[in-house]
Amino acid sequence: MRAILSFAVALSVVACTCQPGTPTQDVDAGGGGEVDRCANVTCVTPPGQCYQVPGGCDAGVCVYAAAEGAPCDDGESCTTGDVCQGTTCVGAPVVCADVPPLTCLGGSRHRVFDAGVCVAGACTYPSTEVACADGVCGARDCGGTCVDVSADPNHCGACGHRCRAGGCSGGVCFLFPLVRAEVHPWLAVDESGLYWSAIADGGGTIRRLPFDGGASEVVTTLSDLRPWQLAVGGSSVFFVAFGSDGGAVLRVDKGGGPAEVLALERTPTGLAVDDTSVYWSACPSSLSDPQLRRVASVPRGGGTVAVYANTTLCPQRVAADGEAVYWSEAGLDGGLHRVPLDGGAPMRLAVTNDALLQSPNDRLAANASRLWSLANGGLRSVSKGGGVLEPVGTAAAFAVDEANVYWLSDFLTPGVLTLWKRPLDGGADVQGPSIAGTSTLSSCTGFAMDSSSLYAACVSGGQYQLVQLPR
């Protein structure tokens, strides 16, 4: 009896032209044998790519099993992951999910991209121009919304940079106008508000602009002393003040009230605060008592005054980092100095007796590795271990953290102060917004920084303004 081929999977029967075989006799029938039609037949030409090869022959016919799960090519350019399902090649459609971001066109329109479609193996994304919902489109996509970062108080100068108070113009938050008599205000900032010193009529005030939306308020008033530099720490505002009969280092509660004298000091010139102490420099104009030219400290809660150094030249500004106190000196033999807080001899870190820095130093700040100094428009830094002052550029004010140094400069456009940021790891300078209405490097005095913003007191339009810029 002729054998029958049997398969447990799907089969395909394909007719073929079989080669003649040798006739065989049917023994039971006693002769008259039949031809074996599968002799010399090779089944290696399936009807498609989703069949197993080789196949089998049955009565001269090739039969192929399905190649379930085998990779294949369905011939479509917009499918992927093609695989055999039964005897059919099936691919999954290409998903075009990388939709381009909304694009601002300026004016009051922007371009919105729709879901993508695959054409000839490539994703395309149809788009349409749409009018902005608020009628204003600048040049920035902020979280899928087209906003004008030059005027939006919730995205002023950068996405997500919110103005604490007032409006946004030219990417700068104009927080609060100061009366012109409040000359040379110094600034300090914390999470609750922006603080500044205001000098008027032989005395002055410490004021605060709350960040909860309230109006500006007086923290304390001085009748015979003029407040100068200030800093915030814990629940207090610390500041130095001077007058015709002397000066003092003071503190006042942030909530307001009378100021408390921490130390009497003739002509204090600088102030810094750390977690435990208040540091200051003093420079009486008379040389009759050189012991009064000094760098000293007192505990934040009051107590005994500690003198770290007496100086021959006039100490200008101070900085502290928890390990040492630093100060600058003016004059042809001036320099930048440090002394350890736990005792030890003062050390000169750098000489500043050049034409750029021989004038009184305007600012001093320290970060983890360097000391930064600004005087006569020149911003420079030096290693805390000492060395050569390295120039940064001309500046009106500056601030520094562990990643960047920020400064205001007019070198790009004379007469216009622009914010710049330089990564301390050696990256390129980044240009920020410009403060409209400023004209000289002396137009901005106070400068302060929090986690998201820089704050400055600048003359704009002939009047001091408190401004906020994105970091």
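Colleague: Let me start with a detail. Which residue does Ser 236 stand opposite in β23?

Modeller: The residue opposite Ser 236 is Asp 253 in β23. Please keep in mind throughout that this is a predicted model.

Colleague: How many bridges join β22 to β23?

Modeller: Strand β22, residues 236-243, is joined to strand β23, residues 246-253, by 8 bridges, and the two run antiparallel.

Colleague: What is the order of the strands in that sheet?

Modeller: The order is β21-β22-β23-β24, an open sheet of 4 strands with antiparallel pairing. Its edge strands are β21 and β24 (260-264), each of which pairs on one side only. From one strand to the next, the twist averages 25°.

Colleague: Let us step back. How many helices and strands does the protein chain have?

Modeller: The secondary structure comes to 0 helices and 43 strands. The protein chain has 471 residues, and buried residues make up 44% of them. Of the contacts between residues at least 6 apart in sequence, 35% join residues at least 24 apart.

Colleague: Which strands are joined to β43?

Modeller: Strand β42, residues 453-460, is joined to β43 by 8 bridges, and these two run antiparallel. In that pairing, Ser 460 stands opposite Gln 463. Strand β16, residues 172-177, is also joined to β43, by 4 bridges and again in the antiparallel sense. There, Cys 173 stands opposite Gln 468.

Colleague: Where do the side chains point in a strand, as a rule?

Modeller: In a regular strand, they alternate between the two faces of the sheet.

Colleague: Changing topic: what volume does the largest pocket have?

Modeller: The largest pocket holds about 1100 Å³ of space. It is lined by 35 residues, and the closest to its centre are Ala 231, Val 273, Leu 364, Ala 365 and Phe 447.

Colleague: Which elements give two or more residues to that lining?

Modeller: They are β17 (187-189), β21 (226-233), β25 (268-273), β29 (315-320), β33 (361-366), β37 (397-400) and β41 (444-449). The largest share, 5 residues, comes from β33.

Colleague: And how do the lining residues divide into nonpolar, polar and charged?

Modeller: The lining has 22 nonpolar, 3 polar and 10 charged residues.

Colleague: Which residues is Ala 366 in contact with, leaving aside its neighbours within four places in sequence?

Modeller: With those neighbours left aside, the contacts of Ala 366 are Ala 319, Tyr 326, Leu 371 and Lys 384. Another pair to look at is Ala 366 and Val 400, which are 34 residues apart in sequence and 7.6 Å apart in space, C-alpha to C-alpha.

Colleague: Last topic, the loops. Where is Pro 54?

Modeller: Pro 54 is in the loop between β3 (34-35) and β4 (56-58). The peptide bond from Val 53 to Pro 54 is cis, with omega near 5°.

Colleague: What is phi for Asn 40?

Modeller: Phi of Asn 40 is near 65°, a positive value in a residue other than glycine. Asn 40 also lies in the loop between β3 and β4, and it is exposed, with a relative accessible area of 65%.

Colleague: And what about phi for Ala 59?

Modeller: Phi of Ala 59 is near 55°, also a positive value in a residue other than glycine. Ala 59 sits in the loop between β4 and β5 (61-65). With a relative accessible area of 40%, Ala 59 is partly exposed.

Technical notes: Residues are numbered from 1 along each chain as its sequence is written. This is a predicted model: local features need pLDDT of at least 70, side-chain atom pairs count only at pLDDT 80 or more; totals for chains, interfaces and linings use all residues. Side-chain values use heavy atoms; hydrogens and water are left out. On a 1 Å grid over the protein atoms alone, a cavity is a set of points where a 1.4 Å probe fits but cannot get out, and a pocket is an open set with protein on both sides within 12 Å along at least five of seven lines; lining residues have an atom within 4 Å of a point. Grid points are joined across faces, edges and corners, and a volume is the space filled by probe spheres set on the points. Ala, Val, Leu, Ile, Met, Phe, Trp, Tyr, Cys and Pro count as nonpolar, Asp, Glu, Lys and Arg as charged, and the others, Gly among them, as polar. Contact means heavy atoms within 4.5 Å. Two strands pair if DSSP finds at least two bridges between them. Axes are lines fitted to C-alpha atoms, for helices over the stretch in contact, and angles run from 0 to 180 degrees between N-to-C directions. Buried means under 20% relative accessible area, exposed over 50%, partly exposed in between (1.4 Å probe, protein chains only).
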